[in-house]
Amino acid sequence: MMQFQAETLYLALHLLNRCLRQMKVTTANLQLLGMVCLFLAAKKEECLLPEVSGLCYLMDHTYTKHQLLRMERKVLCGLKFDLSHCPPLHFLILFASIAHCSTKMVWMARYLLELSLMDGQCVAFLPVHLAGAALCLARQVLQEPPTPEGEAAWCLVSSLHIGSESVLLRIMSILASAAATAQTRDTCATYLKYSSADTMHVSRHPGLKNPSSLLGTHT
């Protein structure tokens with residue numbers, strides 16, 4: 001199993017979304033396109049690259065090495081070799097650092113942000129908005145005791161991300177609904193990933209079970 005960084009996942013999804021907007025891809029080649037986007041993201045973000053034969057194995061040898069490399073050339077030409085992207089995770093880490101967020105709050109925000117990758121509605125929002133909404137919702141879920149320094153830092157963070165309150169509330173609503181049903185949806189793997197001790201069991205937090213009451217307390 002490949003152990004990629006989180007940045008690789010975000011970049012792969014970004015490249016896939018761009019390809020689907022700019023290129024004509026048949027249904028039969030969607031899996032191949034997804035694997036190529038993951039391969040390109042790994043080339044940009046990882047130190048150790050997967051073997052092409054290993055990628056073909058993961059696709060149950062549905063496609064050959066030649067087909068994968070040919071699709072890679074097609075994607076690179078279609079995107080004009082532009083693989084640049086600042087993922088929402090980078091904004092999240094920046095905001096959390098400025099606001100002096102606790103480790104648990106960062107894990108909670110990362111969990112909520114990763115759920116956005118599986119929700120098509122989130123494609124329409126800017127990375128900075130997704131990061132801001134994930135951190136706002138994490139803060140709302142955990143309800144950690146405020147400190148004067150923390151509140152001052154949070155005010156600074158709130159002034160940094162561009163976007164209206166209605167946009168943030170819309171994203172928070174999407175993320176809260178996704179978290180409430182994550183255990184039984186396509187996001188089950190993400191739920192399990194963030195239910196471990198390494199991630200402080202954030203996906204199991206009882207505050208995520210009722211999205212309506214959670215958003216109703218937002219200020």
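Buried means under 20% relative accessible area, exposed over 50% and partly exposed in between, with a 1.4 Å probe and protein chains only. The model is predicted: local features need pLDDT of at least 70, side-chain atom pairs count only at pLDDT 80 or more, and totals for chains, interfaces and linings use all residues. Residues are numbered from 1 along each chain as its sequence is written, and side-chain values use heavy atoms, with hydrogens and water left out.

**Figure 1. Overall fold of the protein.**
The protein has eleven helices and zero strands; helices (H or I, at least four residues) and strands (E, at least two) are DSSP runs, numbered from the N terminus. Of the 219 residues, 42% count as buried. The C-alpha trace spans about 60 × 30 × 30 Å along its principal axes. Of the contacts with a separation of 6 or more, 79% join residues 24 or more positions apart, where contact means heavy atoms within 4.5 Å.

**Figure 2. Surface and charge of the protein.**
The accessible surface comes to about 11,700 Å², and 59% of this belongs to carbon and sulfur atoms. Areas come from the Shrake-Rupley method with a 1.4 Å probe; for residues, only the protein chains shown count as cover. There are 18 positive and 15 negative side chains, and the centres of the two sets lie 9 Å apart. Lys and Arg count as positive and Asp and Glu as negative, while His and the chain ends are not counted. Each charge is placed at NZ of Lys, CZ of Arg, CG of Asp or CD of Glu.

**Figure 3. Helix α6 and its cover.**
Helix α6 covers residues 103–115, 13 residues in total, and reaches 19 Å from its first C-alpha to its last, close to the expected 18 Å. The expected span of a helix is 1.5 Å times one less than its number of residues. Buried residues in α6 include M105, M108, Y111, L112 and L115. Their cover includes α1 (6–22), α5 (88–98), α7 (127–142), α9 (165–180) and α10 (188–193). An α-helix has 3.6 residues a turn, so residues three or four places apart point the same way.

**Figure 4. Helix α7 and the loops on either side.**
Helix α7 has 16 residues and a reach of 23 Å from first to last C-alpha, close to the 22 Å expected. It is mostly covered, with 14 of its 16 residues buried. G120 lies in the loop between α6 and α7 and counts as exposed at 59% relative accessibility. Its C-alpha is separated by 17 Å from that of L169, 49 residues away along the chain. Just after α7, Q143 takes a positive phi of about 50°. P146 is found in the loop between α7 and α8 (148–160) and is exposed at 59% relative accessibility. P146 and A197 are 51 residues apart in sequence, and their C-alpha atoms are 25 Å apart.

D60 is in the loop between α3 (52–58) and α4 (65–78). Its phi is near 60°, a positive value in a residue other than glycine, and D60 counts as exposed at 63% relative accessibility. H201 is in the loop between α10 and α11 (211–216), with a positive phi near 55°. H201 is partly exposed, at a relative accessible area of 42%.
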